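Me: Hi! Could you walk me through the packing in this one? I'd like to start with the core and then move on to the rings.

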Amino acid sequence: MIFETERLILRHWEEADAEDLFRYASDPDVGPIAGWPAHKSLEESREIIRTVFSRPEAYAICLKEDKKAIGAIELKEHTKMAKTDQECELGYWLGKPFWGRGIVPEATMEIIRHAFEDRGMEKVWCGYYEGNEKSKRVQEKCGFQYQGKMDDVDVVLLHEKRNEYVNLITKDIWNKKEKN
(Lines give C-alpha, C1' and ligand atoms only; values in the text may rest on other atoms or scores of the structure.)
Protein backbone atom coordinates (compact mmCIF):
# COMPACT_ATOMS: atom_id res chain seq x y z
CA MET A 1 0.00 0.00 0.00
CA ILE A 2 1.18 3.52 -0.77
CA PHE A 3 -0.23 6.68 0.77
CA GLU A 4 0.27 10.21 -0.51
CA THR A 5 -0.13 13.53 1.24
CA GLU A 6 0.64 17.01 -0.01
CA ARG A 7 4.42 16.57 0.44
CA LEU A 8 4.92 12.92 1.32
CA ILE A 9 4.76 9.36 0.12
CA LEU A 10 4.33 6.66 2.75
CA ARG A 11 5.34 3.29 1.33
CA HIS A 12 6.64 -0.07 2.44
CA TRP A 13 10.34 -0.35 3.14
CA GLU A 14 12.68 -1.93 0.59
CA GLU A 15 16.16 -3.31 1.11
CA ALA A 16 17.40 -0.54 -1.21
CA ASP A 17 16.45 1.93 1.57
CA ALA A 18 19.21 0.62 3.86
CA GLU A 19 21.68 3.45 3.19
CA ASP A 20 19.04 6.12 3.82
CA LEU A 21 17.89 4.32 6.95
CA PHE A 22 21.45 4.09 8.26
CA ARG A 23 22.11 7.77 7.47
CA TYR A 24 19.31 8.89 9.82
CA ALA A 25 19.02 5.98 12.29
CA SER A 26 22.73 6.13 13.16
CA ASP A 27 22.27 9.63 14.62
CA PRO A 28 22.36 9.35 18.43
CA ASP A 29 19.75 12.14 18.68
CA VAL A 30 17.13 10.07 16.81
CA GLY A 31 16.69 6.53 18.14
CA PRO A 32 17.49 6.74 21.84
CA ILE A 33 14.83 9.37 22.57
CA ALA A 34 12.31 7.01 20.93
CA GLY A 35 13.56 3.96 22.82
CA TRP A 36 15.97 2.24 20.44
CA PRO A 37 19.76 2.41 20.02
CA ALA A 38 21.39 4.26 17.14
CA HIS A 39 22.26 1.92 14.28
CA LYS A 40 25.91 0.94 14.25
CA SER A 41 26.27 -0.42 10.71
CA LEU A 42 24.66 -0.53 7.29
CA GLU A 43 24.11 -4.26 7.82
CA GLU A 44 22.16 -3.55 11.01
CA SER A 45 19.91 -1.19 9.05
CA ARG A 46 19.38 -3.88 6.38
CA GLU A 47 18.43 -6.36 9.10
CA ILE A 48 15.93 -3.88 10.61
CA ILE A 49 14.31 -3.52 7.16
CA ARG A 50 14.11 -7.34 6.81
CA THR A 51 12.64 -7.88 10.27
CA VAL A 52 11.10 -4.88 12.05
CA PHE A 53 10.13 -2.86 8.97
CA SER A 54 8.75 -5.88 7.10
CA ARG A 55 5.55 -5.82 9.15
CA PRO A 56 2.39 -5.09 7.11
CA GLU A 57 1.70 -1.62 8.55
CA ALA A 58 5.31 -0.31 8.64
CA TYR A 59 5.95 2.52 6.19
CA ALA A 60 8.92 4.60 5.11
CA ILE A 61 8.24 8.33 5.24
CA CYS A 62 9.52 9.80 1.95
CA LEU A 63 9.48 13.27 0.46
CA LYS A 64 7.68 13.27 -2.89
CA GLU A 65 10.55 15.14 -4.54
CA ASP A 66 13.04 12.24 -4.29
CA LYS A 67 11.10 9.33 -2.71
CA LYS A 68 14.01 8.57 -0.32
CA ALA A 69 13.26 7.24 3.15
CA ILE A 70 13.73 9.91 5.84
CA GLY A 71 11.81 8.29 8.69
CA ALA A 72 9.32 5.61 9.64
CA ILE A 73 5.71 5.34 10.77
CA GLU A 74 3.84 2.22 11.82
CA LEU A 75 0.54 0.95 13.15
CA LYS A 76 0.95 -1.97 15.56
CA GLU A 77 -1.81 -4.18 16.87
CA HIS A 78 -2.00 -6.11 20.15
CA THR A 79 0.51 -4.06 22.12
CA LYS A 80 0.59 -3.03 25.77
CA MET A 81 -1.68 -0.09 24.81
CA ALA A 82 -3.77 -1.56 21.98
CA LYS A 83 -5.40 -4.60 23.50
CA THR A 84 -8.44 -5.29 21.25
CA ASP A 85 -8.87 -5.89 17.53
CA GLN A 86 -10.39 -2.41 17.14
CA GLU A 87 -7.31 -0.63 18.55
CA CYS A 88 -3.80 -0.03 17.33
CA GLU A 89 -0.70 1.80 18.47
CA LEU A 90 1.11 4.38 16.37
CA GLY A 91 4.89 4.78 16.35
CA TYR A 92 7.10 7.07 14.31
CA TRP A 93 10.51 8.70 14.02
CA LEU A 94 12.13 11.13 11.60
CA GLY A 95 15.68 11.92 10.52
CA LYS A 96 17.05 14.96 12.34
CA PRO A 97 17.60 17.15 9.22
CA PHE A 98 13.81 17.07 8.70
CA TRP A 99 12.71 18.00 12.22
CA GLY A 100 10.53 21.07 12.65
CA ARG A 101 8.94 21.01 9.19
CA GLY A 102 5.57 19.43 10.08
CA ILE A 103 6.46 16.19 8.30
CA VAL A 104 5.53 13.80 11.12
CA PRO A 105 2.15 15.45 11.81
CA GLU A 106 1.37 15.25 8.07
CA ALA A 107 2.32 11.55 7.95
CA THR A 108 0.50 10.86 11.22
CA MET A 109 -2.77 12.39 10.04
CA GLU A 110 -2.72 10.17 6.94
CA ILE A 111 -1.95 7.04 8.94
CA ILE A 112 -4.70 7.89 11.45
CA ARG A 113 -7.10 8.29 8.50
CA HIS A 114 -5.98 4.88 7.23
CA ALA A 115 -6.47 3.30 10.67
CA PHE A 116 -10.03 4.58 11.00
CA GLU A 117 -11.28 4.52 7.40
CA ASP A 118 -9.43 1.57 5.85
CA ARG A 119 -8.70 -0.65 8.87
CA GLY A 120 -11.90 -0.02 10.84
CA MET A 121 -10.13 0.88 14.06
CA GLU A 122 -11.99 2.66 16.86
CA LYS A 123 -8.92 3.84 18.83
CA VAL A 124 -5.33 4.77 18.01
CA TRP A 125 -2.92 4.94 20.93
CA CYS A 126 0.41 6.73 20.96
CA GLY A 127 3.01 7.35 23.62
CA TYR A 128 6.27 9.16 24.21
CA TYR A 129 8.99 8.98 26.79
CA GLU A 130 9.55 11.79 29.26
CA GLY A 131 11.70 14.49 27.69
CA ASN A 132 10.62 13.83 24.09
CA GLU A 133 8.89 17.19 23.59
CA LYS A 134 8.86 16.88 19.79
CA SER A 135 6.80 13.70 19.94
CA LYS A 136 4.51 15.25 22.54
CA ARG A 137 3.84 18.21 20.20
CA VAL A 138 3.12 15.91 17.23
CA GLN A 139 0.52 14.05 19.24
CA GLU A 140 -1.10 17.26 20.48
CA LYS A 141 -1.24 18.72 16.93
CA CYS A 142 -2.88 15.54 15.65
CA GLY A 143 -5.66 15.50 18.25
CA PHE A 144 -4.42 12.83 20.65
CA GLN A 145 -5.68 13.27 24.19
CA TYR A 146 -3.69 12.57 27.33
CA GLN A 147 -4.64 9.34 29.07
CA GLY A 148 -1.99 8.95 31.74
CA LYS A 149 1.60 8.42 32.75
CA MET A 150 3.31 5.10 33.38
CA ASP A 151 6.33 5.23 35.67
CA ASP A 152 9.44 3.08 35.30
CA VAL A 153 8.50 1.43 32.01
CA ASP A 154 11.08 -1.02 30.66
CA VAL A 155 12.81 0.33 27.56
CA VAL A 156 13.98 -3.11 26.51
CA LEU A 157 16.28 -2.17 23.62
CA LEU A 158 18.19 0.34 25.77
CA HIS A 159 18.17 -1.73 29.00
CA GLU A 160 16.73 1.10 31.09
CA LYS A 161 13.52 2.38 32.65
CA ARG A 162 11.70 5.60 31.75
CA ASN A 163 8.44 7.36 32.40
CA GLU A 164 6.02 7.13 29.47
CA TYR A 165 3.06 9.36 28.63
CA VAL A 166 0.11 7.70 26.92
CA ASN A 167 -2.26 9.46 24.52
CA LEU A 168 -5.30 8.37 22.55
CA ILE A 169 -7.40 9.49 19.63
CA THR A 170 -10.76 7.84 19.02
CA LYS A 171 -12.61 7.59 15.75
CA ASP A 172 -15.27 10.01 17.09
CA ILE A 173 -12.65 12.62 18.06
CA TRP A 174 -10.92 12.24 14.69
CA ASN A 175 -14.21 12.60 12.78
CA LYS A 176 -14.99 15.84 14.68
CA LYS A 177 -11.46 17.14 14.03
CA GLU A 178 -11.74 16.35 10.29
CA LYS A 179 -15.05 18.25 9.99
CA ASN A 180 -13.48 21.44 11.41
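Predicted model: local features only at pLDDT ≥ 70, side-chain atom pairs only at ≥ 80, totals over all residues.

Me: Great. How many residues are in the largest nonpolar core, and which have the most contacts inside it?

Reply: That core has 44 residues, and Ile73, Leu90 and Trp93 are the ones with the most contacts inside it. Two or more residues come from each of strands S2 (8-11), S3 (58-63), S4 (69-76), S5 (87-94) and S6 (123-129), and likewise from helices H1 (18-25) and H4 (103-118).

Me: Which element gives the most?

Reply: H4 does, with seven residues.

Me: And what is Ile73 in contact with, leaving aside its neighbours within four places in sequence?

Reply: Its contacts include Leu10, Tyr59, Ile61, Leu90, Tyr92, Ala107 and Ile111. Glu57 and Thr108 are among them too.

Me: What about a second core, which residues does that include?

Reply: There is a separate one of five residues, with Met81, Ala82, Trp125 and Val166 among them.

Me: Switching to H5: which residues are buried there?

Reply: In H5, which spans residues 133-141, Ser135, Val138 and Gln139 are buried. They lie on the same side of the helix, because they cover an arc of only 95° around its axis.

Me: What do those buried residues pack against?

Reply: They pack against S5, H4, S6 and strand S8 (160-170).

Me: And what follows H5?

Reply: Gly143 follows, and its phi is positive, near 95°.

Me: Now the rings. How many aromatic pairs does the structure hold?

Reply: Seven. One of them is Phe3 with Tyr59, an edge-to-face pair at 5.3 Å centre to centre with 75° between the planes. This pair links distant parts of the chain, with Phe3 in strand S1 (residues 3-4) and Tyr59 in S3, 56 residues apart.

Me: Are those two buried or exposed?

Reply: Both Phe3 and Tyr59 are buried. Tyr24 and Phe98 also pair edge-to-face, at 5.4 Å centre to centre and 75° between the planes. Tyr24 is in helix H1 and Phe98 is in the loop between S5 and H4, 74 residues apart. Tyr24 and Phe98 are buried as well.

Me: Which charged ends sit over rings?

Reply: The charged end of Arg23 sits over the ring of Tyr24, 5.8 Å from its centre. Arg162 has its charged end over the ring of Tyr129, 5.0 Å from the centre.

Me: Last one: which residues form an aromatic cluster?

Reply: Tyr128, Tyr146 and Tyr165 form one.

Terms used: Residues numbered from 1 in each chain as written. Heavy atoms only, no water. Core = buried A, V, L, I, M, F, W, Y, C linked by side-chain atoms within 4.5 Å. Buried < 20%, exposed > 50% of the residue type's maximum accessible area, 1.4 Å probe, protein only. Helix = DSSP H or I, 4+ residues; strand = E, 2+ residues; numbered from the N terminus. Contact = heavy atoms within 4.5 Å. Arc of directions from axis to C-beta. Phe/Tyr/Trp six-rings, centres within 6.5 Å; stacked < 30°, edge-to-face > 60°. Lys NZ or Arg CZ within 6 Å of the ring centre and 35° of its normal.
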